[in-house]
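Hi,

Here is the structure I said I would pass on to you.

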Amino acid sequence: MPSVLLLEAICIFLFAGAPACLPLQEVHVSRETLGKIAAASKIMWCSAALDVLFLIDGSYSIGKGSFERAKHFAITVCNALDINPEKVRVGAAQFSSAPWLEFPLDSLSTQQEVKTKLKSMVFKGGPTETGLALKYFLRRGFPGGRNASVPQVLIIVTDGRSQGHVALPAKQLQERGVTVFAVGVRFPRWEELHMLASEPREQHVLMAEQVEDATNGLLSRLSSSDICTFASPDCKVQPHPCERKTLETVRELVGNALCWRGSRGTDGVLAAPCPFFSWKRVFVSHPATCYRTTCPGPCDSQPCRNGGTCVPEGRDRYQCLCPPAFRGQADCAPTLSLECRVDVLFLLASSAGTTLEGFLRAKAFVKRFAQASLSEDTRALVGVARYSGELEVAVPVGEYQDVPDLLRSLDAIPFSGGATLTGSALRQAAERGFGSASRTGQDRPRRVLVLLTEARSQDEVAGPARHARARELLLLGVGSEAVRAELEEITGSPEHVMVYTDPQDLFNQIPELQGKLCSRPQPGCRVQSLDLVFTLDASASVGPENFAQMQSFVRSCTLEFDVNPDVTQIGLVVYGGGQVQTAFGLDSHVARPAVLRAMSQAPYLGGAGSAGTALLHIYDQVMTVQRGARPGVPKAVVLLTGGRGAEDAAVPAQKLRDNGVSVLVVGVGPVLSEVLRRLAGPRDALIHVAAYTDLRFHRDALIEWLCGEANRPVNLCRPSPCMNEGTCVLRNGNYLCTCREGWDGPHWVLRGDALRAQGSRPQPAGGQQPGPSQQLPRRPRHPGR
């Protein structure tokens, strides 16, 4: 019976085709230095009288893939050579079983020609006869070269697996003055590369797989030996620790397994234990020193701020990879600096509800803000306080030497834990958080309290927040989604709240915070003429409590206007219970206090309401010259409704718009109905509010809209200033009233923003009256005349 192969033999057979080792050359420097090495390889330039010959391994042991990589290395080196007949000449040869001259040194005279020829080289294959190739050039010299009159450089690109002796011919070439570089490819034998290379061998042995590093190493050696010189004196060749790693495959005994043996002449089978082996790969390291050139780079000055990473792009240009909070900013530094005069106190929750992790996030946010916003020239001062049960001012406002000192103080603030008494902290911060300075008015900078918390308060916050705002503090809130509603209640407006969804998103709020610290709220249209009518839904669908919320809202809006007959006139209309009432007309009150009192006294009607009827009432009975509307003055109606009873309002609203009156709809309720969308008109004049208690958060948006309408051009004839069916005619920037038969009266002349009566005179029947005449009936003529 034929014998059966042993398990050991089977394992050896399976691994016989595996490579003996997997080498890797690595320079142990920082990523920044690696970038400098790569950048220097692109700007290094050799412009000297020099003969360079590439001898590229084309044997089967390296294969076609590695042959292409060897060509790529040669082309990269040529990018740094001043190739012309008077300076650098380049030739190339391929070897396997025998050497093959691809092109001599004197055949090509430009860099592009050499690179094209190198690229067109074809892999030949065959055994690796490196020694024969070296002997060929010993006999014939460099084909097309200038002999020994100029330095000669031989660059051998091979895997170091020669089938002959290489040490003696390599030594003889070096003795003739040829500088030999041994550049490894694929999995080279480092021992053979060292035999091929010139002294000092560490500086003449490279790895072609790492093209930029190998190019830098080769040109660095040429520079050190004075063969080539570089124009920039700032570039230096420096030694760096490096390592050549070899990944070797070793066999390891695992144990024994039962195997069977047969013997000749017998029918028996012998069972015996046989060794069982496994194979593993281990790294064997060989420390070395690599000499590389680095040049001063654009990132040496560390231009990227706030944790940004500088990436060089050439000799003078760079790019900053910025953290999310500073993306889109030059050098990761926000373009919006704190140029305003402001005192900022950061109030950090340090309670158990916030947790230690949340407290550390808040401290990191303040540190990042200080780094991005504060400088020697800034007029902003910062302080930091923490709270749980009690308030502790850790860094009083402005009491630090510089930003690093502030950051050190921040790092020293400990986490306390305990209850979350935000209301108490707000009251204490308002009273003693900004020191005891007695400056007032224009002498005092803007004071801002920035609250950072992730936990709901365990005490009441509305009263302390009002107390803080009454002391002329601007309150801003930064927190998680869980505390949004509470922060809006504290700050008084959703525009003063910044909410983050995750820890990284917290830092994205820094630019927005910078903008809020220095921005001033726009005042109302105090210097713009405006006729404004508020229309409130006083029906049962709203209810008395929500109606009171509406009253409070329109009162707060009125505070933004200068109420007098020459600037802003305000009227109020309510509807419900099947009726519409003019609470007061445009010319009823000539001062703001009287308007505010009248708004508080507006009646709640209950019952059913019709917004369409209310708008028609305004068209016929309120926004008219007879009722105080002024020609040439912008006009606006603000309708506050819960949506019910507004089905018939779209046509009346458009009728008002066609008559020169702007209409804004403030719709209150959880669902934005299609009825309100139609009512908003083609310009989408609609503000949607989720609940009546949220009306106060939309005051600024309403004021902004009204100010925009106050600046719109007006048509002097809309609404018509002519009464008793007179026709308004525009003429030369003014208007004329064409009166009906039997009517005449005083004429008016438009001057500036106000109209003034100038008396009256009789007009012939059917005559024209300039200005908004109150046309009076004529006396009948005497019969017979």
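Arg361 is buried, with a relative accessible area of 17%. Bear in mind throughout that this is a predicted model. Which residue does Arg361 form a salt bridge with? The partner is Glu454, and the closest N and O atoms of the two are 3.0 Å apart. Glu454 is buried too, at 19% relative accessible area; both values fall under the 20% cut-off for buried. The pair links distant parts of the chain: Arg361 sits in helix H9 (residues 355-373), while Glu454 is in the loop between strand S15 (446-453) and helix H12 (462-470), and 93 residues separate them. There is also a network here, in which salt bridges link Glu357, Arg361 and Glu454.

One more pair to click on is Arg386 and Glu392, whose closest N and O atoms are 2.7 Å apart in their salt bridge. Arg386 is buried, with a relative accessible area of 13%, whereas Glu392 is partly exposed at 36%. If you want to go through the rest, the whole structure has 19 salt bridges.

**The six-stranded sheet**

Now for the sheet. Six strands make up an open sheet with mixed pairing, and their order is S4-S3-S2-S5-S6-S7. Which strands stand at the edges? They are S4 (99-103) and S7 (205-207); each has a single partner strand, so one side of each is left without a neighbour in the sheet. From one strand to the next, the twist averages 25 degrees.

At the S4 end, S3 and S4 run antiparallel and are joined by four bridges. Gln94, for instance, has Trp100 in S4 as its bridge partner. Helix H4 packs on the sheet, where it touches S3 and S4, and its direction makes about 140 degrees with that of S4. Helix H5 (residues 130-140) packs on the sheet as well, touching S2, S3, S4 and S5, with its direction at about 155 degrees to that of S2.

What is it in contact with, apart from its neighbours within four places in sequence? The answer is Val52, Phe54, Cys78, Leu81, Ile83, Phe103, Pro104, Leu105 and Val114. As background, nonpolar side chains in soluble globular proteins tend to be buried together.

**Helix H6, one side in and one side out**

H6 (residues 167-175) has three names on its buried list: Pro169, Ala170 and Leu173. They cover an arc of only 100 degrees around the axis, which puts them on the same side of the helix. On the other side of H6, Leu168 and Glu175 are exposed. The buried residues of H6 pack against H5, S5, S6 and helix H7 (190-196). Just after H6 comes Gly177, with a positive phi of about 90 degrees.

**A last stop at Pro275**

Finally, take a look at Pro275, which lies in strand S9 (residues 269-294). Pro275 counts as partly exposed, at 27% relative accessibility.

Cheers

How values were computed
Residues are numbered from 1 along each chain as its sequence is written. This is a predicted model: local features need pLDDT of at least 70, side-chain atom pairs count only at pLDDT 80 or more; totals for chains, interfaces and linings use all residues. Side-chain values use heavy atoms; hydrogens and water are left out. Contact means heavy atoms within 4.5 Å. Two strands pair if DSSP finds at least two bridges between them. Helices (H or I, at least four residues) and strands (E, at least two) are DSSP runs, numbered from the N terminus. Axes are lines fitted to C-alpha atoms, for helices over the stretch in contact, and angles run from 0 to 180 degrees between N-to-C directions. A salt bridge is a side-chain nitrogen of Lys or Arg within 4 Å of a carboxyl oxygen of Asp or Glu. Buried means under 20% relative accessible area, exposed over 50%, partly exposed in between (1.4 Å probe, protein chains only). The arc is that of the directions from the helix axis to the C-beta atoms.
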